[in-house]
Amino acid sequence: MLLQNTTVVNHSSTIITKYTEYTCMKESKIHYQTKEDAELWVLLIKGDKLALEIMYRRYFPHLLNYGHTISTNEELIKDCIQDLFVNVFNNSKFRPIDHVKSYLYTALRNNLVYKMSSMKETYQLENAEFEIPLTDDELEGLFAHDDTYLERSKLLKEAYRKLSANQRHAVYLYYIKELTWEEVAEILGITVHSSMNLIGRAIVKLRRLFENK
């Protein structure tokens, strides 16, 4: 009887321990999810697996979408995203950074370009910057303050396609992906002032082209 009671107590203790561990893990995960990118990055480069999971889940869909502007090979894009996070997690040489989002976008683009070059996907590589897809809703968002534009999204898309490759890329990153001036500049390899001018000229040209239709 004593042995049976001891077994029951031990079993109950195991259940309580597992429940406590699960609860603590869940609370910890919720806490991590509220952290800013820069905070998560610091934990990530220190080898924190939970930070890796949260950061990966936070950015995977955005990076996948961005990757499709460079290559149509989805498996290649997914591999590059995974390699990117694994490299950061396993490399002790990384340092804290402020603009995590722009780093991830830039790193993914560089990884894709490198692998596409090695795979001799030259056509895609040469034309990648021309293939940034935008939906009608996304483009209409640039002029959401004026209802008349909402009825003419096709004309707006035509005007968008007449922008230079760099202008389209900058507009996509700033307005659609909602990156900052600094992040856009970092990805495009230009100064912040140049990124502001580039986007400003693009919007002026968009309005002019659209209004002349």
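Residues are numbered from 1 along each chain as its sequence is written, and side-chain values use heavy atoms, with hydrogens and water left out. Because the model is predicted, local features need pLDDT of at least 70 and side-chain atom pairs count only at pLDDT 80 or more, whereas totals for chains, interfaces and linings use all residues.

Helices are taken as DSSP runs of H or I of at least four residues, and they are numbered from the N terminus. Helix α5 has 19 residues and spans 27 Å from its first C-alpha to its last, close to the 27 Å expected at 1.5 Å a residue, where the expected span is 1.5 Å times one less than the number of residues. Several residues of α5 are buried, among them Val 100, Leu 104, Tyr 105, Leu 108, Leu 112 and Met 116; here buried means under 20% relative accessible area, exposed means over 50%, and partly exposed lies in between (1.4 Å probe, protein chains only).

Aromatic pairs were identified where the ring centres of Phe, Tyr or Trp (its six-membered ring) lie within 6.5 Å, with planes under 30 degrees apart counted as stacked, over 60 as edge-to-face and the rest as tilted. The count by this rule is 9 aromatic pairs. In one of them, the ring centres of Tyr 66 and Tyr 105 are 4.8 Å apart and the planes stand at 50 degrees, so the pair is tilted. Because Tyr 66 lies in helix α3 (residues 49-67) and Tyr 105 in helix α5 (residues 100-118), the pair ties together parts that are 39 residues apart in sequence. Tyr 66 is buried, at a relative accessible area of 0%, and Tyr 105 is likewise buried, at 2%. Ring pairs also link Trp 41, Phe 94 and Tyr 103 into a cluster.

Helix α3 also contains Ile 54, which is buried at 5% relative accessibility. Apart from neighbours within four places in sequence, Ile 54 is in contact (heavy atoms within 4.5 Å) with Lys 29, Tyr 32, Gln 33 and Leu 40. The C-alpha atoms of Ile 54 and Gln 33 are separated by 6.5 Å, although the two residues are 21 residues apart along the chain.

The whole structure holds 4 salt bridges, each defined by a side-chain nitrogen of Lys or Arg within 4 Å of a carboxyl oxygen of Asp or Glu. One of these joins the side chains of Arg 58 and Asp 37 at 2.6 Å, N to O. Since Arg 58 lies in helix α3 and Asp 37 in helix α2 (residues 37-45), this pair ties together parts that are 21 residues apart in sequence. Arg 58 is partly exposed, at 23%, whereas Asp 37 is buried, at 17%. Within helix α3, Glu 53 forms a salt bridge with Arg 57, the closest N and O atoms being 3.3 Å apart; these two residues are 4 residues apart, or about one helical turn. Glu 53 is partly exposed, at 27%, and Arg 57 is exposed, at 57%.

Glu 178 lies in the loop between α10 (165-176) and α11 (181-188). Most residues other than glycine have a negative phi. Glu 178, although not a glycine, has a positive phi of about 60 degrees, and this residue is exposed at 60% relative accessibility.
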